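Hello,

Here is the structure I promised to pass on. Please open it first, then read my notes below.

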2 protein chains.
Amino acid sequence: MELLKERIRKDGIIKPGNVLKVDNFLNHQMDIQLFNEIGKEFKRRFADVKVDRILTIEASGIGIAAVVAQYFDCPVVFAKKSQSINLDGTMLSTQIESFTHKRTYEVIVASRFIKPGENILVIDDFMANGCAALGLVQLIHDAHANVVGIGIVIEKGFQQGGAKLREQGLRVESLAIVDAMDADAQTITFREDS
Amino acid sequence: MELLKERIRKDGIIKPGNVLKVDNFLNHQMDIQLFNEIGKEFKRRFADVKVDRILTIEASGIGIAAVVAQYFDCPVVFAKKSQSINLDGTMLSTQIESFTHKRTYEVIVASRFIKPGENILVIDDFMANGCAALGLVQLIHDAHANVVGIGIVIEKGFQQGGAKLREQGLRVESLAIVDAMDADAQTITFREDS
């Protein structure tokens, strides 16, 4: 998605340790016009798929998923990172290791929001080692529902997440795949769209 | 907002301790069509106000704010609940006490996303004791920006948040104000729209 790549080139900041900061439009401040373009592009790529619900994970996936859902005309469910007193009933849960925060946390989804046989589209802002996406896929499988696709805004193609998911036969659509970054030169190499 | 009150009556579950669960459409599963109606209603109520940015707080404010922002044609910034390695630069921060989780946490916003003199609209899903909204107002004041309004989807009118904010001269628009709830009878009393 050229518009997205241009925006990453313009506003992304590369930090040592392969960190790509895009907090001025994606995951702290959110450019909602861009999110609408992202929604149209995911709909174009998943046009052949029936989607009953979109599943994402708090916090930075939520805004993207909410805007994207308008193009699929379906509700969004977001996995929560901690137990709340307002959650009860049967829960699906899994452990996710965070690349950003260097720790493992539990995420939960009320099982009544992912029903057996439903078609679920996973949406998230970033994929690096794929732990968040793999965790959400695990929740969907535990619910006996179908993963019809995984839509990622920015994939770090030099980490293993995309390969792991695609090896499982999962359909992954990443709108920008970063193959290399250079923090000194502030240059970024994107994979060509296939 | 009648549509919202009807939905709360239909799908809200009242739990002992004055807990109102609306996780099937507002803060776990999100009904994006309803969020669009909420966005139209906030725009109607704040039609006279110039809004440069919307400020909300993770996690459950994000989806609502993202959809609402489409009606104000502005970006959204969400306050984060924990320090991340991907955040740096100057930060605004404040302490917020959580009614739901019975604890105090720090929230932060990169100061470059709230500029002096800007008009900021606060959007959140719930207000009870008002601590989250008061914390966001504090951040905006610390940034020397203007709080043009506070838009809340559900206000618990029997708690003190709304009164505290209105006493400060802040303009609060709550789309549904709950004046009383009965967990045994599962009945809910809404304040009349003014």
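The backbone oxygen of A:Phe113 lies 3.2 Å from a polar side-chain atom of A:Arg53. That is within the cut-off for a polar contact: a pair of N or O atoms within 3.5 Å, where, within protein, one must be able to donate a hydrogen and the other to accept it, and residues adjacent in sequence count only if both atoms are side-chain atoms.

Before going on, note that this is a predicted model: local features need pLDDT of at least 70, side-chain atom pairs count only at pLDDT 80 or more, and totals for chains, interfaces and linings use all residues. Residues are numbered from 1 along each chain as its sequence is written, chains are lettered from A and ligands numbered from 1 in the order in which they are written, and side-chain values use heavy atoms, with hydrogens and water left out.

Back to A:Arg53. It sits in strand E4 (residues 53-57) of chain A. Helices (H or I, at least four residues) and strands (E, at least two) are DSSP runs, numbered from the N terminus. Is A:Arg53 buried or exposed? It is buried, with a relative accessible area of 9%. Buried means under 20%, exposed over 50%, partly exposed in between (1.4 Å probe, protein chains only).

A:Lys115 is 62 residues away from A:Arg53 in sequence, yet the C-alpha atoms are 9.8 Å apart. Leaving aside neighbours within four places in sequence, A:Arg53 has contacts (heavy atoms within 4.5 Å) that include A:Lys115, A:Glu118 and, from the other chain, B:Gln29.

Now the interface. 42 residues of chain B are in contact with 42 residues of chain A. The two chains bury about 3600 Å² between them, 55% of it on carbon and sulfur atoms. Buried area is the accessible area (1.4 Å probe) that two parts lose on being put together, summed over both.

How many salt bridges cross the interface of chain B and chain A? The rule finds two, taking a side-chain nitrogen of Lys or Arg within 4 Å of a carboxyl oxygen of Asp or Glu. A:Arg112 forms a salt bridge with B:Asp23, with the closest N and O atoms 2.8 Å apart. H3(B) gives the most to the side of chain B that touches chain A: seven residues.

Finally, symmetry. A rotation of 180° with 0.0 Å of shift along its axis superposes chain B on chain A, RMSD 0.0 Å. The two copies are therefore related as by a two-fold rotation axis. Superposition is by least squares on the C-alpha atoms of residues with pLDDT of at least 70 in both.

Best wishes
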